[in-house]
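Dear colleague,

I am handing over the structure below, together with a short account of what was found in it. Please look through it when you have a moment.

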Amino acid sequence: MIVTLIVICEVGFWVLLAAGLATRYLLKMPRTGIALLLCEPLLEVVLLVVTAIDLKNGADPSWKHGLAALYIGYTVGHGHRTVKWLDGHAAHRFGGAPRPPKPPQYGMARARHEGKVWLGSVTAAVVASALLLLAALYVGDDGNTESLYGWILVAWRSTGIHGLIALSYAIWPRKAPEGEASAVPARDPEHVPDLLVRRPGKDEEQV
C-alpha cells in the first residue's frame, strides 16, 4: 500500500504541476494556478499520515516506510527547484517572459551552483532522518526499528556522495572552451575591448 501511495503521490505531483501551470498561463487564471501549485505539499502530508497509520496498526517498519520518508525529504529539498524551473520555462513559452537563464557551466560559478543543489540534498536528508527517528520513537522498543535506522544511513550516504561530486567542481573547476566569449556585460565602453568600441578620431575630438 505504501509503495502504491508513493507512486500515486509522484504522479499527482506532476499532474498538479501541469494543471497549475496550464491554468496560470494558458487559461490566464494566475490565482487558481497558484492555488493548484500550493496543493502539492498536501500529497506529502497524505503520505506521511498514511505511513503513520500503517505503523500504528501494527505494521512492522520496513523498507517501504523508509522509502516514504526519503520521498518526502526529497520533495522538501528539491521540489521547489523543480517547480521554479518549470514555472520559468512556462512563463517564457506562454507568458512572454524572458527565457530563464541557464545555470553556469564553468569555473567557480558552476561550483557554487552545484553547492546550492547539494544543500537541497542536505535538507532532504535532514527531513528524512527526522521522520525516520520519529517513526522509530513511535514504534518503540517493542518493534523492529533497525530498518528505519538503516534508511537514515542510506540518506546520509547518498548525501555524502552528492557532496563529493559537488566538491569536485570546486577542486577541479571546468574551463570554458577556448574562443568562447564571456557573457558578462560591460557597464562602460572602457570595459569593452578597443576593437569593439569606436574611439573618436582626432577631428572629432577637436569639434
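Which helices each supply at least two residues of the nonpolar patch? They are α1 (2-26) and α4 (63-94), where helices are DSSP runs (H or I, at least four residues) numbered from the N terminus.

Before the details, please note that this is a predicted model, in which local features need pLDDT of at least 70 and side-chain atom pairs count only at pLDDT 80 or more, while totals for chains, interfaces and linings use all residues. Residues are numbered from 1 along each chain as its sequence is written, and side-chain values use heavy atoms, with hydrogens and water left out.

The patch covers about 510 Å² and is made by Val3, Val7, Val11, Val15, Trp63 and Leu67, and α1 gives the most to it, with four residues. Such a patch joins nonpolar side chains (Val, Leu, Ile, Met, Phe, Trp, Tyr) within 5 Å, from residues with over 30% relative accessible area and no salt bridge; areas come from the Shrake-Rupley method with a 1.4 Å probe, and for residues only the protein chains shown count as cover.

The structure also holds two salt bridges (a side-chain nitrogen of Lys or Arg within 4 Å of a carboxyl oxygen of Asp or Glu). In one, the side chains of arginine 24 and aspartate 87 meet at 2.9 Å, N to O; arginine 24 lies in α1 and aspartate 87 in α4, so this pair ties together parts that are 63 residues apart in sequence. In the other, glutamate 114 meets arginine 110 at 2.8 Å, N to O, and these two are four residues apart in helix α5 (residues 107-139), separated by about one helical turn.

Best regards

How values were computed
Patch = residues over 30% accessible without salt bridge, like charges linked within 9 Å, V, L, I, M, F, W, Y side chains within 5 Å.
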